[in-house]
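Me: I have a model open and would like to learn how to read its features. Could you take me through it?

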Amino acid sequence: MDVIFAAFQDALSLSTFLSVMAGVVIGIVIGAIPGLNAPMAMAVAIPLTFTMAPLAAIGMLVGVMKGGGFGGAIGAILLNTPGEPHSAATTLDGHPMARSGRPRRALQTALYSSVAGDSCSDLVLILLAPTLAIFALKAGPVELSAILILSLTLIASLSGDSLAKGIFAAALGAFLATVGVDPETASPRFTFGYIELFDGLPLAAVAIGVLAVPEIIERLREGRAGRPNTGDVATSQGEDRMPLREWITLRVPVLRGAGIGTAIGALPGLGTTLAAFLSYAATKRFSKAPDKLGTGAPEGIAATESANSAVSGANLIPLLTLGIPGNLTAALLVGAFLIHGVTPGPLIFERDAQLVYGLFAAMIIANILVLVIGSLGLRVFALIVKVPPFVIYPIVLLLCVVGIYVSQGGFFAVWLMLGFAVLGWFMLKLRISVVCFIIGLVLGPMIELSIRQSVILLSRNPMAIFDHLFAVALVALTPFVAALLIRDRKRLSDG
Amino acid sequence: MHTPLNRPAGWLLAGRAQDFYLGVLIAVAGVLLLVWIIPAQVNDAGSFGLPPSLAPRALSWVMILCGVMLALQNMRNTQRAGKLAAREVLFLVACLGAVGGMLLLMRMLSDAIDQPNAGFLLSAPLGVIALTVLHSRAPLWAYAFNALVAPLVIVAAFWWGLELPLP
């Protein structure tokens, strides 16, 4: 109990509070810019956290994640340009509502639903994760290897349009994770004589390179062909505030969305897009007036925003209990944990309990801040979509360069970032999942270590495999689960 | 059954499905890793447990299998999964060239002047102007803002705010 109090005190310290607040603002602002999204905002924010204390750094990234979730809805509602695939579900009712002269009401619906969905899933995370971690601690390297292989196969099966491309992306990420000094023999691998590579590839440079830079280059290229018409932004006359009474009537779609989002977020690989569209479909099915959905109904916005926001909290369940990131934002959070010397997994509740409970507190604070900052700054954030792209994208690209230079202390990492930008651009064009690549990169060392330990354990007594029937069952199930998922991939895919 | 292709101008990979060539490329890259890069870059001598090259070798085999699978799946498929046009690649090269040029100039000026932020303040405006030109025809105020205000704000934030020096 003392640890929990101390953790909440840490989270409420001025530096952590300001970091979370800065993260929320960065997330909302970057999320609101058409073409940019929460994972990109997180990738860009990682270098800023290098000099911070672990809780302040992770709290800031949590703030970015939560702020970015709401920020994405701003562009989707006002401009009909979703920054992420899941925001496409929000445009179905959000934009028609805004076009009918109620943009503020649409944004408020999105904000309140997003915060409600996020809070529900955070609550589930806080209640479930410590208990699940106790069970996870009983798993040895053999079980962990089996769980990691199953999770990675699950993610590869559901990402993109091809299993082969998904597995390739994960394998490439895991391969690149072997760059650096070998943990057993301390001999360098793939360092090509560069001392800067002895610690492995800098995650921030790789993440920004494959995630942010190719997207910015694509937005720059689109600028030559024409850009979203910011003159079409729906504007409010100030008469369309959302009354509390109306908000209360939306409790059913919000809670349903939160439930769907939490369930989907707890499983690795199933993404926010599936949660948003499933919640929307469920709301339409149970609605008394299903014809109204798609024409600017607040239920539609509430259902999608609560579901996609609920995914982010629940995604931390496999991350904190097993060390497995379920999606891109969770993978970037793992990177931030590792940068600050913390290894996610069941042991985190023993080794860094104060940090984990501090993280839970920071998540609650971030939710409150998204609500407060989002409500107060709704008018200002709505103006972000009007900032011309020829101002935004060159400056964001410059910020990527500066962020990497400062965080890594030299030009080497910046050149690496540019190299990975080329890889990321080709992956984008050839529809190779960047999500699988980043998750493979993050999980790579863990998979290598657990498989090595398993092989050493079993090489002395191969029959000992029968002491690990759970692991055997998981490995045996993996191809069947993959086959089932591939069959339904078109329906379940995150796009 | 192969269908005739209506080939738009600028395709880099045409004929068979793009994914077929991608599969072949992945498989060849996997083989190169196995026979050239891994033996040259990983030293297995002295390992008492499992060799350090085990994971890279296993992953190379996975890549080869994925490449072969992708190529076989798309051998008879003439539909293209993605768009990869020469002018898009040229645009990528131009953007990365602008950033790379800026970095080279930054390093050169930084070494020559040997003052914090000097290289950045002199080269960043040129890089940002190049990127703005690449985006579209922007009004004059946008060039002025991007080239002057943005670098100054960044220097102020990093140098005075976070006490982190730029080149």
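Reply: Gladly; we begin with numbering, then look at a helix, a chain and a contact. This is a predicted model, where local features need pLDDT of at least 70 and side-chain atom pairs count only at pLDDT 80 or more, while totals for chains, interfaces and linings use all residues. Residues are numbered from 1 along each chain as its sequence is written, with chains lettered from A and ligands numbered from 1 in the order in which they are written.

Me: How many helices and strands are there in chain B?

Reply: Helices (H or I, at least four residues) and strands (E, at least two) are DSSP runs, numbered from the N terminus. Chain B has five helices and zero strands.

Me: Is α5(A) largely enclosed or open?

Reply: A residue is buried if 20 or more other C-beta atoms, placed from the backbone, lie within 10 Å of its own, exposed if 12 or fewer, and partly exposed in between. In α5(A), 10 of the 13 residues are buried, so the helix is largely enclosed by the rest of the structure. Among them are T90(A), L92(A) and H95(A).

Me: Which element gives the largest share of the side of chain A that touches chain B?

Reply: Residues are in contact if their C-beta atoms, placed from the backbone, lie within 7 Å. The contact takes 51 residues from chain A and 52 from chain B. On the chain A side, α19(A) gives the largest share, 13 residues.

Methods
Two residues are in contact if their C-beta atoms, placed from the backbone, lie within 7 Å.
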